Amino acid sequence: MHAEKQQHAFEPKIVAFVCTWCTYAGADLAGTSRLQYPANIRVVKFPCTGRIDPVFILRAFQKGADGVLVSGCHPGDCHYMAGNFHARRRFAAFRQLLDFIGVDLNRLQFSWVSAAEGGKWVDVATELTERVRELGPLREFAALEAEEHWSGALATPELQEAYNSI
Amino acid sequence: MTTTAHTIDPALYAAATAALRQEARTVLENGTAAAVIGWQAGRRAGSALPAIVTDPAGAEQLIFAPGCVNNLALYLTKAKKEVRGKGRLAIVVKGCDLRALAGLIGENQLNRADIYIIGIACPGVYGAHADRRLPLAEETVAPKCRECTVHTPTGVDVTVGTLPDLPAFTPREAAELARLEAMTPAERWRFWKEHFSRCIRCYACRQVCPFCYCEQCLCDRNRPQAVETTPRPAGNMAWHIVRAMHLAGRCAGCAECERVCPMDIPLNLLNRKMAKELKALYGFEAGLEPQEKGPLTSYREDDDQSFIK
Ligand code: SF4
Ligand code: SF4
Ligand code: SF4
């Protein structure tokens, strides 16, 4: 039975942090237009991309996300005037930091999707899902968590095997 | 390899000390400042500790020596309210410390008019593991001083000391940064994972940083908990990412965090990397002049967005 479970194709878990005014409405439009996009995406709605603290992205990775999408209004369209401009700088810096620590940036996507762009939402979501599917599960953060709980004993083959089969 | 040519003459520090005492006495006597924040000799040879002098006679305790490593700007943050209550303050700063002071002024933590800045022409200070019985030389100098660009502080009220012809120390941090940048992401992850896993979460790095003045740190909050507080791998990784992110564009590069770290984690490499990236992205350099807006508290409509789809 276990063997069977392991043969399941990998389905990436992707968390999307979106602003309520543009991208959330865009995703909603995709839904009401009956457009299909991968069910791997879990959407979390925020008042503005400016409210999305980089720590949320980190938290998502730590808690098992294989990929993260952050999306908001196009520049100039922000409901709060400048929230997305500030977010743009913050995320540019955060990407450099993650890259320097050694996180594969292919797992993190930023996009601008307006309330009218249901189609673009579908594209971005599909593309990221496909890319992360190729990359496979994000092991690094999970391994840190596992060491946290198992006192670093993952070095033993038995535990490593048990861990891999989760 | 070391010859005397690579050593910095201790007499220079003695001269700076004399000038510093004279200046401190004058500002206390004529009421320019109610207190002078400087350094005094520590109990062990070659060590120094922060001192706050309020009466002119006390100016005799002040010193400047290679052991004066502390960044005193820390004592002017909101977290140190007991110092701020003393009235107008004079503070002794090295060039690198001045960048922190300028940063604090830029962040409205301090008013330039409320402080009197005594700059020190600084040839360098000891590294964290230096044998302090030796003079300052290739083996004993702090990594930050090897690549120092701010030996003479600018924009201060007065400068004491004179700068000698400095020996050319071999740079290390820049080379180490380049080595890391050339690694693959997986190698970098291993590098940092190993370093961070040693962190004991003593938070000395946070306590010593002039820019970590939040009354409640995000990393201490537990409802909801953003960062695990136990000194174990996942929480440590998160702590270091949050620390680097919160200091990006603010860090003055004084390297105090790295100096006080009991686990020898190369924190200043992270600081330097972020400073370098923010300079490349937005042409911003921290703390040379007090600036109202940092790179992450401002924006331009035409900022690079090539990474956004
Ligand atoms: S970095 Fe420069 S100013 Fe700072 S202690 Fe070293 S030599 Fe002095
Ligand atoms: S992060 Fe470190 S180097 Fe930067 S200002 Fe704080 S103590 Fe100094
Ligand atoms: S000083 Fe070093 S050991 Fe202590 S919390 Fe900071 S990085 Fe960790």
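Colleague: How do you know which residues belong to the contact of chain A and chain B?

Modeller: Contact means heavy atoms within 4.5 Å. By that rule, 41 residues from chain A and 47 residues from chain B take part. Bear in mind that this is a predicted model, where local features need pLDDT of at least 70, side-chain atom pairs count only at pLDDT 80 or more, and totals for chains, interfaces and linings use all residues. Residues are numbered from 1 along each chain as its sequence is written, chains are lettered from A and ligands numbered from 1 in the order in which they are written, and side-chain values use heavy atoms, with hydrogens and water left out.

Colleague: What is the area buried between chain A and chain B?

Modeller: About 4,100 Å², with carbon and sulfur atoms giving 65% of it. Buried area is the accessible area (1.4 Å probe) that two parts lose on being put together, summed over both. On the chain A side, A:Arg89, A:Phe100 and A:Glu148 lose the most area to chain B, together 23% of what that side buries.

Colleague: What makes B:Arg188 and A:Asp99 a salt bridge?

Modeller: The label asks for a side-chain nitrogen of Lys or Arg within 4 Å of a carboxyl oxygen of Asp or Glu. For B:Arg188 and A:Asp99 the closest N and O atoms are 3.4 Å apart, so the pair qualifies. B:Arg188 lies in helix α6 (residues 185-197) of chain B and A:Asp99 in helix α4 of chain A, so this pair joins two chains. B:Glu228 and A:Lys63 also meet in a salt bridge, at 4.0 Å from N to O.

Colleague: Which element gives the largest share of the side of chain A that touches chain B?

Modeller: That is α4(A), with 16 residues. Helices (H or I, at least four residues) and strands (E, at least two) are DSSP runs, numbered from the N terminus. By class, this side of chain A has 20 nonpolar, eight polar and 13 charged residues. Here Ala, Val, Leu, Ile, Met, Phe, Trp, Tyr, Cys and Pro count as nonpolar, Asp, Glu, Lys and Arg as charged, and the others, Gly among them, as polar.

Colleague: How do you know which residues surround ligand 2?

Modeller: A residue is near a molecule if one of its heavy atoms lies within 4 Å of it. For ligand 2 that gives 13 residues, the closest being B:Cys209, B:Cys251, B:Cys254, B:Ala255 and B:Cys257. Ligand 3 has 14 residues around it, and B:Cys199, B:Cys202, B:Tyr203, B:Cys205 and B:Cys261 come nearest. The shell around ligand 3 has 12 nonpolar, one polar and one charged residues. Around ligand 1, the residues include B:Cys96, B:Cys122, B:Cys145 and B:Cys148.
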